[in-house]
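Welcome! Take a moment to look at the sequence and the 3D view, and then we will walk through two topics together.

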Amino acid sequence: MPMTDVLLGSVEQLFSLATLVSMMIGVMAGVIAAAIPGFTITMAIVLALPVTFTMSPLQGVATMLAVYVGGGSGGLISAALLGIPGTPSAVATTFDAYPMARKGEPGRALALGIWASFFGALISAVVLIIAAPPLALIAVKLGPWEYFSLILFAVTVVASLVGKSVLKGLMMSLLGLFIATVGQDPMMGVPRFTFGIDVLAAGIPFLVMLIGIFAVSQLASEVENPTEMKQGQALVGGKMHFQPFGVMREVLSRPGNLLRSSMVGVVIGAVPGAGGSIANLIAYDQAKRASKTPELFGTGIADGVVASESGNSATAGGGLIPMIALGIPGSAVDAVLMAALMVQGVSVGPRLIMDNAELVYGMFLAMFLAAGMVLVFCLISMRWFIRITEIPKSIIVPVVLVCCAIGALALNNRITDLYLLVGVGLVGYLLAKLDYPLAPLVLGVILGPIAETNLRRALMADENWTLFFTRPISAMLLLLAVLSVALTVRRLLKKRRTVSP
Amino acid sequence: MSVVTDKVSRATREANSERGKAIANILFNAGLAALFIGLFMQAGDLPSSMWEPLGAGSFPRLILGALVVFNLAIMCQSMMALRHADPALSVGAGRWFIQRRLAFASLAAFCGYALLMPWLGFALASLLFLLVVQIILGARSGRRLLVACVIAAVFGPGLDALFGQVFMISLPQGRLW
C-alpha cells in the first residue's frame, strides 16, 4: 500500500471524536498523575491499560501515548514549584527550575519547561519517523559490557553534577547501588542482606525511596524557619507572571541546547532499560559542559530547564524506536504499551511496520498530536497550577506529606512501606543537612539491578574483563565516566583556589 | 524579618555549623565504615555459582569495598575541615536541633501518623496529622485554625473517600473499629 494511503488511513482513525476525547483525557491524567510526587508515569499508564481494552488498537495505544507524553510534562510541575521531582525523569529539572521559582519566577520556570517539553517531544517524533529502523539496530548491538559502562557513566555524571563534593556524590551513588542489592539476587534468586525481615525479601521499593528521599526530606527543610511559618509564608514569594509566548521565543533562542538535549533523549530512550531518568541528567550535563557560563547552572537559569525537560520528553519517541522496529521495550512504560498491543492481538516485532503499517504510522501521528494537546492543556491550566505556590507552607507541607503517604501505600498496600517512607525521609533530611546530595542515591537504587545483571552477564559470556576496555563503545563510555569526574574535580579545585588565594 | 536579614542570618547559621558538620561527618562515616565492613564479611558467605565467575556476593562486595574507601576519604576531608573551623563560632548540637525544631516536630508527627495509621485508619489518622502539623506550623487561632480544620477534613476523610470510591484503591481502615 502506498505511504500516502497508509497515512490517510491513520489520520482518519486518529481524528475520530472518540479517539480525540480519550487522548485529551489521557493527557490530563498523565499531567496530573506525574505532578503528584509518588505517582509515576508507569503507574498512570498501568491504571489506563484496562480502560483501553474496549477500544480499537489505535485508539487504545494513542490514549496510552497521550498519558505517556502528558506524564513527561507533569513531572515538571512539582519539580519546579515544590523542588520534588514528580517522576524520576524530572530530577534534573529541580536543579534550575526550582531555584528559578524560588527567585520569584515560577511562571517562567513552568513556561520554559512546557515549551522545552513540547519541542523535545516534537523533535523525538520526527526522529522516530525518520530513523526508527537504523537507530534500533544500533541499540540492539549494545552488549552487557556497554550497558554496564553506560550505567557507570550515568552514575559518575550525576555524582559530579550535584552537590559541593564529588566524594560525597560518588559515595551516595555507591550507597544507592548497595541498597539495590538488598533482596533477591537478580541471577540466582538468593536472598541477600534481608536479615530474616519479610519486607526486605523483595528488596527496598525504589518508589518509596524516591518519595522519602526527595519529598519528605525536602518538605522538612521547608518548615525550618519559625519566622517564615509564623507569617504564613508561601513556598514561592514574589509576583507571579506567566507569559508563555515570550518564553517560547526564549526557548527557541537556544536551538543548540534544544536540539542537543532532544537528541540525547532520543538516543538514551532508544537504549533498552535506560529511559528518561538517565536522559534528563545526561542532557543537563551536556548543556552545562557546552555552556560558556557553567557556573550558573544550578542557580536557576533557562538553559538548565530547557536541557532537562527537552531531554526527558524526547525519550518518549526514542523508547518507541526499538519497540516498533524490534519488539524490545525501551522502558517499563514501553513494556506496558507493548502489552496493550498484544492484548489487542497485534504481534509486536520486526514485522509490525509491514503487517500493521496504519497502526504504526498512527502511533507516530499520535505522538505529534499528544505533544500538541499537552502544550494546550498546560498553557491553559498552568495559571491554576501556579496558584499552588501562593498557598502557605503550613498548609501545603502537611497535605503533600499525606499525598506522599498515599503514594507509598498505593504501591503494595503495605503499612511497612509507610514506616520505610518515614525512616528514609528522616535519614534523607539528615543527609541533606550534612551536604550529601540525594539525587545520586536514588539513581543508584534505580540503576543498581541493571548494573549488576549486566556485569554478571558480561563475565558469564566471556571471563575476560578487559573486554570492558577493548570494546569501542564500552571504552568510550568508561573514558567519559573518568572524564566527567576529572573535569568536575578540576573545576572544584579551581574554584577553591579562587576563593582562598 | 526582611528577606535579606533572613538570608544573612541563614548564611551565618550555616557557616557556624561547619565545625559541627565536620564532627558529624567523621562520626557518621566511621559508623558507616564499620557497618560496611560487617556487611562485606557477611557477603562473603553468600553462595557462588558454577555457571558464572561472579556469585551472589561479588557485586555487593565490590560496592561495599569501594564504599569503605570513600568513607575513609570523607573522614580525612572532614578532619582537615575540622582543623580549619573556628571553635569559637560553633553553635553546638543542642542549638542546631532547636533552630530546626519545626522540621523535627513535623517529622515526629509524621512518624506518629505512620504508627497510628494501622489502629485509627487512614481517614482519622490523616485528619489528626493534618490538624496537628498545621497547629505546630503556626495555625493556632482565628481564621488560620478554621482553615486548618477544613483542610484536615477535606484531605483526611476526603482523600480516603476519593481513593476508595473513585480510584478503587483501598487505604488502611483501622483496627479499632
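Rings of Phe, Tyr and Trp (its six-membered ring) count as a pair if their centres lie within 6.5 Å; planes under 30 degrees apart are called stacked, over 60 edge-to-face, and the rest tilted. With that rule, a search of the whole structure gives 16 aromatic pairs over all chains. This is a predicted model, in which local features need pLDDT of at least 70 and side-chain atom pairs count only at pLDDT 80 or more, while totals for chains, interfaces and linings use all residues. Residues are numbered from 1 along each chain as its sequence is written, chains are lettered from A and ligands numbered from 1 in the order in which they are written, and side-chain values use heavy atoms, leaving out hydrogens and water.

**Aromatic pairs**

- Tyr284(A) and Phe297(A) have ring centres 5.5 Å apart and planes at 80 degrees, so this pair is edge-to-face.
- Tyr284(A) sits in helix 13 (residues 276-290) of chain A, and Phe297(A), 13 residues apart from it, is in the loop between helix 13 and helix 14 (302-326) of chain A; helices here are DSSP runs (H or I, at least four residues), numbered from the N terminus.
- Both Tyr284(A) and Phe297(A) are buried, meaning under 20% relative accessible area (1.4 Å probe, protein chains only).
- Together with Phe95(A), Tyr284(A) and Phe297(A) make one aromatic cluster.
- Another edge-to-face pair is Tyr361(A) with Phe364(A), at 5.4 Å centre to centre and 85 degrees between the planes.
- Tyr361(A) and Phe364(A) share helix 17 (residues 357-386) of chain A, 3 residues apart, or about one turn of the helix, and both are buried.

**Where chain B meets chain A**

- The contact (heavy atoms within 4.5 Å) involves 68 residues from chain B and 66 residues from chain A.
- Chain B and chain A bury about 5800 Å² between them, 77% of it on carbon and sulfur atoms; buried area is the accessible area (1.4 Å probe) that two parts lose on being put together, summed over both.
- There are 3 salt bridges between chain B and chain A, each a side-chain nitrogen of Lys or Arg within 4 Å of a carboxyl oxygen of Asp or Glu.
- Glu52(B) and Arg456(A) join their side chains in a salt bridge, 2.7 Å from N to O.
- On the side of chain B that touches chain A, helix 5 (101-120) of chain B is among the elements that give two or more residues, and helix 5 provides the largest share, 13 residues.

Terms used: Buried < 20%, exposed > 50% of the residue type's maximum accessible area, 1.4 Å probe, protein only.
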